[in-house]
Amino acid sequence: MNQDMMPTGVNLGIDGPSLLADIAETAAFGGTAKGGICRLALGAEDRQVRDWLGTQAAALGGVLTVDSMGNQFIHLPGSDPALPPLVMGSHLDTQPTGGKYDGIYGVLAGLSALRALQRSGYRMRHPVELVNWTNEEGSRFAPAMMSSGVFTGAFTQAQAYGTQDARGTTFGQALEEIGYRGAEPCGQHPVRAYFELHIEQGPILKKEGITIGAVTGVQAMRWFDLRLSGQEAHAGTTPRAMRRDALLAAAHVMIMIDEIAQSYGADTRATVGVIQVQPGSTNVVPGEVQMSLDLRHPDDDVIAAVEERIRTEAARQAEQQGVTLSMKRIWDSPAVHFDPDCVEMVRRAASLTGQSYRDIVSGAGHDAAHMGHICPTAMIFIPCRDGLSHNEAEHAEAGDIVAGANVLLHAIMAADAHFDPA
Ligand SMILES: [Zn+2]
């Protein structure tokens, strides 16, 4: 990273009160009695907030493009029309009992950054854009991060259009109904680099009293289905030595999984969240157990090593208990590593604006995880109260909200200096 990343215009800042007012104003579109938001993708409230964003784009003098997945892009020109845009963004849809910040914050902060650039007269060389990704939550139409996924080629538009909600309405129909099926083919939009600002949705920043997380990537995740088969037997008459107790074996396996996970350090997450026992009777030695395992780690090699150890040890535990074991991997999502230069821009922007910061790995998925596959990408986190998210009580402090938006602004300015040097 060289000095040319240091932007001029150090004194530029976003308008904090207007950002906070935007968050309050848009929270009315789908606002709930408990102070949260229910704004499912492509519903009436989603259309309202999209229309609102379009109005803001026009007021700003920006050019609005809607693509064939309904993704909205607001474009401000740079001084060099040949350069592709630097893009900021997130999503405006929510969970059914969502909060006022998840996704929304990243879009509205990006809007405040566009306004700050426009107002100051500071001219970037690259065009700068804001994107609102359609259906990040995946709550009405699965999967999550759908439109950034189509944008980056993770799935096809035909797959997305055919997806049905619980009432049998397809994504394609819903998109038509709210009038947001745009002319530009999804994925054709040029992006030089992508920055996404988000609440952490976890407890780390809050606990450590740090304002900015420079997100280095998204951790790897693997799901497993484990089945242990022993033999059902009378609880009163069967001696210990003759038992093949599947639940007792499962208990040993669970303890062992936790010990192995701990031995690989604090970044390892292993969770058994579901356990089903057959036949489930007080006086019968359990014959069958089915259990889930959710395994996470920021590093693909480490998660592979943890899986290998668990397989070996679980087989040994099962054998000792006289039961058979099958362990099937049913989902594998590799780690995402954000662009080291973009992550450094976030650290420097935090330092430049006088904020405390640390590196952090995202435990949750985001549109940025898809974007990281096609362009230099980074994310910025701010703390949220109790690490609570996907909840109407989700809360972020005004000071952190404004600080994060200023870091976004300065990261994008640093990107302007860094990419495509003149
Ligand atoms: Zn989100």
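These legends go with a handful of close-up views of a predicted model. Residues are numbered from 1 along each chain as its sequence is written, and side-chain values use heavy atoms, with hydrogens and water left out. Since we're looking at a prediction, local features need pLDDT of at least 70 and side-chain atom pairs count only at pLDDT 80 or more, while totals for chains, interfaces and linings use all residues.

**View 1. The zinc site, with His91, Asp102 and His198 as ligands.** The zinc ion is held by NE2 of His91, OD of Asp102 and NE2 of His198, at 2.0 to 2.2 Å. Donors here are N, O and S atoms within 2.8 Å of the metal (3.2 Å for Na, K and Ca), and water is not among the atoms, so sites may look incomplete. Read along the chain, the donors follow the spacing H-x10-D-x95-H. The two histidines tie together distant parts of the chain, 107 residues apart: His91 sits in the loop between strand 3 (86-90) and helix 3 (104-120), and His198 in strand 5 (residues 193-199). Helices (H or I, at least four residues) and strands (E, at least two) are DSSP runs, numbered from the N terminus. Both His91 and His198 are buried, where buried means under 20% relative accessible area, exposed over 50%, and partly exposed in between (1.4 Å probe, protein chains only).

**View 2. Strand 2 and its two antiparallel partners, strand 1 and strand 4.** Strand 2 (residues 72-76) has four of its five residues buried, so the rest of the structure largely encloses it. Strand 1 (residues 63-66) pairs with strand 2 over four bridges; two strands pair if DSSP finds at least two bridges between them. In that pairing, Val63 stands opposite His75. The hairpin of strand 1 and strand 2 has five residues between the strands, and there Gly70 takes a positive phi near 85°. Strand 4 (residues 128-132) is joined to strand 2 by five bridges, with Leu76 opposite Val128.

**View 3. Helix 1 packing on helix 3.** Helix 1 (residues 16-26) and helix 3 pack at about 140°, with their axes 10 Å apart. Axes are lines fitted to C-alpha atoms, for helices over the stretch in contact, and angles run from 0 to 180 degrees between N-to-C directions. The two helices are therefore oblique to each other (under 35 degrees counts as roughly parallel, over 145 as roughly antiparallel, 65 to 115 as roughly perpendicular, and the rest as oblique).

**View 4. Gln321 and its surroundings.** Gln321 is found in the loop between helix 9 (300-320) and strand 13 (324-333). It's buried, at 11% relative accessible area. Leaving aside neighbours within four places in sequence, Gln321 is in contact (heavy atoms within 4.5 Å) with Arg240, Arg243, Arg244, Asp245, Leu248, Ala249 and His252.

**View 5. Two cis peptide bonds, at Pro143 and Pro279.** The bond from Ala142 to Pro143 is cis, with omega near 5°, and Pro143 lies in the loop between strand 4 and helix 4 (146-151). The bond from Gln278 to Pro279 is cis too, with omega near 0°; Pro279 lies in the loop between strand 10 (275-278) and strand 11 (284-285).
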